[in-house]
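Reader: I am new to this kind of picture. Could you walk me through how to read a few features?
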Amino acid sequence: MDFSGLYQDCRLCPRACRVDRLAGSNGFCGESAALRLAFAGLHRGEEPPLIGKGGSGTVFVSGCNLGCVFCQNWQISGGGDTGRRRAQRCLGRAVSTDEFTAICLELQNRGAENINIVTGSHAVPAIVQGLNAAATAGLHIPVLWNSSGYESPETLELLNGHIDTYMPDLKTLDSNLAAQFFNAPDYPQAASQAILWMMRHRPPCHVIIRHLILPGYLESTRAVLRWFADNARDGALLSLMSQYTPAAESNKSKDGPQRFLNKREYETVIGWLEEFGIEDGFCQELLTGSDWLPDFNRRNSFSSDLSTTIWHFMD
Ligand code: SF4
């Protein structure tokens, strides 16, 4: 089925920019109707069950509909400070449905445990078309949807039946923080509704809610943990992430927290897991350092022990 008409008058995500991307116009995500990718590879930096023996077959989509000021993938997302996002198109290259299919099949042939589509919320029609073609061509490994959570249920319906495991972020439930960091005060409402939709459509071990702890904003994390305990404890897994890296380390933005998480904050949050009775999921060890940050200008964009490149936009 061809959903490309949805790029006209685009309301694919909660921003509802209503631009005609088929005609080449860009909304907040900065992307036309062409599906652009930046990188695909076997990745060993995800939650252990997703890595298995062969690694997760990550496919990084260019552009983003959220645009966090502290984005670690700012080179390909267009995130970081707003001026940069507007002034400079992010890295990536348009791929046809055939090339998308070939990338997925190559990842499968090279031993990937799954296809892990990273930040594709603004490109759902093209991705569904690509996944249909790839399945017809023999793709049989599970498909993961790795997103910011800033999605609308209507667009998620297009993915239904194509996705094995959803991995949405739940970044914050604080509307003021969402306005400050993502220019999206409706993020809490949109992301929580999107996650509830995912939980209605997949069993608990196939919805992994990721939360990155923001240094200095522990009350935001506490609210997320409370929401998880009240709404998702029996319907999803929690993945708690401690790897926040000051944006100044990467994109020179001064708008996000300007330090790493400290041990006291980390231990406070771990204590809250117990307080809220959250037992199932994943918890990153305290990680402070920027060595792991990707550089998508390099063909081997991640460190070699973390990832093996299969496709790069400069190929
Ligand atoms: S997908 Fe892009 S153009 Fe469409 S509504 Fe979202 S941000 Fe706007």
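Author: Gladly! Let us begin with contacts: two residues are in contact if their C-beta atoms, placed from the backbone, lie within 7 Å. Keep in mind that this is a predicted model.

Reader: Which residues does alanine 133 touch, not counting residues up to four places away in sequence?

Author: Leaving out those sequence neighbours, alanine 133 touches Thr97 and Thr101. Alanine 133 itself sits in helix H5, which covers residues 124-136.

Reader: Is alanine 133 buried, exposed or partly exposed?

Author: A residue is buried if 20 or more other C-beta atoms lie within 10 Å of its own, and exposed if 12 or fewer do. Alanine 133 has 17 C-beta neighbours inside 10 Å, so it counts as partly exposed.

Reader: How do I read two helices that pack together?

Author: Two packed helices are described by the angle between their axes and the distance between the axes. Here, helix H9 (residues 218-231) packs with helix H10 (residues 263-275) at an angle of about 20 degrees, and their axes are 10 Å apart. Because of that angle, H9 is roughly parallel to H10. The crossing of H9 and H10 is right-handed.

Reader: Which residues of H9 and H10 make the contact?

Author: H9 contributes Leu218, Thr221, Arg222 and Leu225, while H10 contributes Glu265, Thr268, Val269, Trp272 and Leu273.

Methods
Residues numbered from 1 in each chain as written. Predicted model: local features only at pLDDT ≥ 70, side-chain atom pairs only at ≥ 80, totals over all residues. Axes fitted to C-alpha atoms, helices over the stretch in contact; angles between N-to-C directions. Helix = DSSP H or I, 4+ residues; strand = E, 2+ residues; numbered from the N terminus. Parallel < 35°, antiparallel > 145°, perpendicular 65-115°, else oblique. Left-handed = near helix turned anticlockwise from the far one by under 90°.
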